Structures are given as C-alpha cells and as structure tokens.
Amino acid sequence: MKPHRGRAVAALAAAALVLVTAACGRAAQSGGQPNGGTAAPHTGGFTIGLLLPANQADRWERFDRPLIESRVRELCSACTVRYSPSGPDAAAQQRQLRALLTSGIDVLILGSVDSRAARPTVRGAAAAGVPVVAYDQLAKGPISGYVSYNGEEIGRLQATALLRALGSNAFRLRIVMLNGSPTDPNAADLKKGALAVFKGRVEIAKRYEVLNWDPANAYADMTAAISDVGPDRIDGVYAANDGLASGAIAALRSASVRPLPPITGQDADLAAVQRIVTGDQYMTVYKPFTPEAHAAAEMAVALGRGESVEDIATGTVDNGSRRDIPSVVLEPIALTAETVDTVIRSGKYTTDQICTPDIRSACEEAGLLG
C-alpha cells in the first residue's frame with residue numbers, strides 16, 4: 001500500500017467514526033483543489049471505490065458498473081475499481097460505505113440511497129482526503145463532483161408527454177401523481193419539472209411520494225387512489241420511473257381498469273420498453289448510461305491524480321453543503337411508441353431482447369421486426 005493510502009485509511013477510520021468537526025469544516029469550506037486539496041496526487045495506479053444503490057439493481061449491474069469500470073481501465077490501466085453493492089436502505093449503505101472507505105480507497109463514486117443520510121460519511125471521507133463523486137443522485141456533504149441527468153427536464157418531458165396523450169380536453173381530466181422517494185433530491189427535481197407543466201392544465205386528483213421508489217409501495221398508493229377517486233375517473237398516471245409505473249399498472253389491472261390510462265415512466269427498463277410496445281405504458285425517459293458513467297469515471301481518475309475536474313465539468317451545482325460543485329448534467333430523451341427504436345439503434349437493447357415471442361405481434365405492428 002502506498003504511504004498516501006496508508007495515511008488515508010488511518011485518518012479515514014477516525015474521521016468516519018468520530019467525524020472530526022474542524023477537519024470537516026475545513027474540507028467543506030476550502031476552495032480551489034477538490035476537498036480542499038487534502039488528497040496527495042498519484043503518479044501510478046490507485047483504487048476507486050464504487051458504491052451504487054440497491055434500487056434498480058439490474059440497471060447498476062448491467063450498465064453503470066461495467067461502463068464505469070471499462071472507462072477507468074481506458075484512462076488508468078494501473079487503477080482498480082473496488083465495487084460494493086449497496087444495502088436496501090440508508091443505514092445499510094452507510095455501514096457499507098464506511099467499510100469501503102476504511103479498506104483503503106483513494107476516490108469514491110457514490111450513488112446514495114438517501115442523500116441526507118450519506119452526509120456524515122461523505123464528510124469523513126473529505127476530511128481524510130478521499131474525494132467523492134456523487135453519481136446519479138446529488139449527495140449532501142462536501143462532494144468534489146456530480147454526474148447525473150437533468151431532473152427537472154425529465155419531469156417536464158414526462159408531464160408534456162402525458163398531456164399530449166390526454167389531448168385537448170386535458171384541463172377537464174384527472175391524473176394521479178406517483179412521485180419518487182422523499183429521501184431522493186432527484187425526485188424533488190422531477191416533481192418540480194412536472195408540476196410546472198401540469199399547472200392549470202390538468203387536475204391532480206391524488207399525489208403520493210412513493211417511499212424508496214418501491215413498486216410495491218406504488219401499487220399500494222395507486223390502489224388507494226383508485227378507491228378514493230374511482231376506477232373510471234382516473235384519466236392518466238404520472239409515474240416518476242418505470243418501477244412505479246409497473247406498480248401502478250398492476251394496481252389498475254387488479255381493479256379491472258380497461259383500457260389502461262396513459263402512464264409515464266423513466267429509465268427505459270426493458271420491461272417498460274416492452275410495455276410501450278404493447279401499449280400498456282405510454283412513455284418512458286431514456287437516459288443513455290454511457291455518457292453518465294464515463295463522466296463519473298473521468299472525474300474519479302482526475303481526482304485520484306490530484307487534477308482539477310473543471311475541464312470535465314459542464315457546469316456547477318449547489319447541494320446545500322457546498323456551492324459551485326463541478327458537475328456534468330446531461331439531457332434526457334423522451335421515448336414513446338413512435339421512437340421506441342431509439343434504444344435499439346443506440347445499442348441499449350437488441351430487437352430479440354425486446355421482441356420476445358409473447359409480444360412479437362405487437363413488435364410487428366410497431367415496425368420493429370422489419
């Protein structure tokens with residue numbers, strides 16, 4: 001182990017468990033170098049920790065993790081990515097995060113379960129000179145970089161698509177809003193963007209903040225909405241992601257609602273793309289994973305080398321703990337039946353993956369098979 005990493009591990013153990021307030025304050029308030037310039041630069045290889053949340057685990061394992069690891073290898077052949085899958089909640093993730101930090105990493109890419117709950121350990125990492133790149137969710141604390149998609153734009157795309165599906169009489173119709181988890185700042189951005197579009201143009205009969213983005217919770221909330229509003233009086237469903245859309249669809253089917261109202265989503269999950277092909281889900285938002293993963297890897301490698309990430313960043317954000325955080329905030333793509341082939345052309349899925357035998361006829365109607 002390099003001397004730098006030995007110092008980092010020892011300091012981090014103390015910082016993460018004791019949270020030395022003065023050191024954290026200095027790291028949060030300093031300018032110029034990431035995390036106050038406390039991390040010594042590396043001329044050779046170093047270790048990048050990667051911790052991703054439990055929700056949407058299929059996405060993280062299939063796309064983000066291999067893309068990040070591949071890009072790190074391209075940029076630094078001597079570098080190592082130490083991956084740790086997250087626990088199901090903020091407390092479990094915090095324990096795993098401490099263990100990962102004390103194992104001797106030099107930089108951390110963090111996709112937090114709960115941005116606020118991650119703050120103490122992020123502070124400990126910063127105090128020990130281990131810079132943190134917040135990935136897909138804007139974690140609290142003195143992070144050194146942030147990479148994600150434009151949450152408000154996603155909300156606007158979803159809401160605009162839903163209004164289009166409802167037609168010119170949307171102002172007379174009722175929708176149910178299934179917003180994301182209240183512990184996720186991205187959910188607040190999505191909701192803000194959607195509400196800006198919905199204001200004065202449609203009646204929101206019920207709205208819910210679905211804890212942990214859990215489809216089972218979305219099912220329960222949608223069931224309650226059906227009971228309160230009436231199965232025949234829900235004209236559309238704003239679901240903040242594809243998991244919530246799946247819960248909403250299951251609840252509507254359980255209540256024998258036919259046909260299904262237009263339902264939004266996000267993430268372009270394979271099941272959601274198939275639902276769009278069959279007409280069970282109206283739209284999703286496609287966020288190509290490659291530019292997001294590559295930007296995070298590039299930031300992490302630069303930080304490990306003690307370099308600035310200013311040339312990588314396309315702007316800055318404020319997370320309430322630190323201002324002017326270098327960031328890469330990407331633009332999402334709306335995906336409907338008319339544009340569903342985008343995920344095939346981009347290489348995210350193959351035609352065979354989407355067009356399984358049970359939906360082959362729907363794929364033919366959608367023009368995906370020839």
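Modeller: Gladly! Helices are DSSP runs of H or I with at least four residues, strands are E runs of at least two, and both are numbered from the N terminus. Counted that way, the chain has 14 helices and twelve strands. Please keep in mind that this is a predicted model.

Colleague: What makes Cys76 and Cys79 a disulfide?

Modeller: The cut-off is 2.5 Å between the two cysteine sulfur atoms. In Cys76 and Cys79 the sulfur atoms are 2.0 Å apart, which is within 2.5 Å, so the pair counts as a disulfide.

Colleague: Why is the disulfide of Cys76 and Cys79 called right-handed?

Modeller: Because the torsion about its S-S bond is about 70°.

Colleague: How many disulfides does a search of the whole structure find?

Modeller: It finds two. The other one joins Cys355 to Cys363, with an S to S distance of 2.2 Å, and that value is also within the 2.5 Å limit. The link of Cys355 and Cys363 is left-handed, with -100° about the S-S bond. With the bonded cysteines numbered in sequence order, the pairing reads 1-2, 3-4.

Colleague: How do you know whether these cysteines are buried or exposed?

Modeller: A residue is buried when its relative accessible area is under 20%. Cys76 has 5%, so Cys76 is buried, and Cys79 is buried as well, with 9%.

Colleague: What share of the residues in the chain is buried?

Modeller: Buried residues make up 53% of the 370 residues. The chain exposes about 15100 Å², and carbon and sulfur atoms supply 50% of that area.

Colleague: What is Ser148 in contact with, leaving aside its neighbours within four places in sequence?

Modeller: Its partners are Asp136, Asn186, Glu292, Val328, Val329 and Leu330. They count as contacts because heavy atoms lie within 4.5 Å. The C-alpha atoms of Ser148 and Phe289 are separated by 9.7 Å, though these residues are 141 residues apart along the chain. For the chain, 73% of contacts between residues at least 6 apart in sequence join residues at least 24 apart.

Colleague: Which elements each supply at least two residues of the lining of the second largest pocket?

Modeller: They are strand 5 (145-149), helix 6 (151-166) and helix 7 (185-198). Helix 7 gives the most, with three residues. The second largest pocket has a volume of about 300 Å³ and is lined by 19 residues, with Leu138, Tyr146, Pro185, Asn186 and Asp189 nearest its centre. By class, its lining has seven nonpolar, six polar and six charged residues.

Colleague: Which residues line the largest cavity?

Modeller: Ala90, Gln93, Gln94, Leu97, Asp114, Ala117 and Ala118 do. Its lining comprises four nonpolar, two polar and one charged residues. Asp counts as charged, so Asp114 belongs to the charged class.

Technical notes: Residues are numbered from 1 along each chain as its sequence is written. This is a predicted model: local features need pLDDT of at least 70, side-chain atom pairs count only at pLDDT 80 or more; totals for chains, interfaces and linings use all residues. Side-chain values use heavy atoms; hydrogens and water are left out. Buried means under 20% relative accessible area, exposed over 50%, partly exposed in between (1.4 Å probe, protein chains only). On a 1 Å grid over the protein atoms alone, a cavity is a set of points where a 1.4 Å probe fits but cannot get out, and a pocket is an open set with protein on both sides within 12 Å along at least five of seven lines; lining residues have an atom within 4 Å of a point. Grid points are joined across faces, edges and corners, and a volume is the space filled by probe spheres set on the points. Accessible areas come from the Shrake-Rupley method with a 1.4 Å probe; for residues, only the protein chains shown count as cover.
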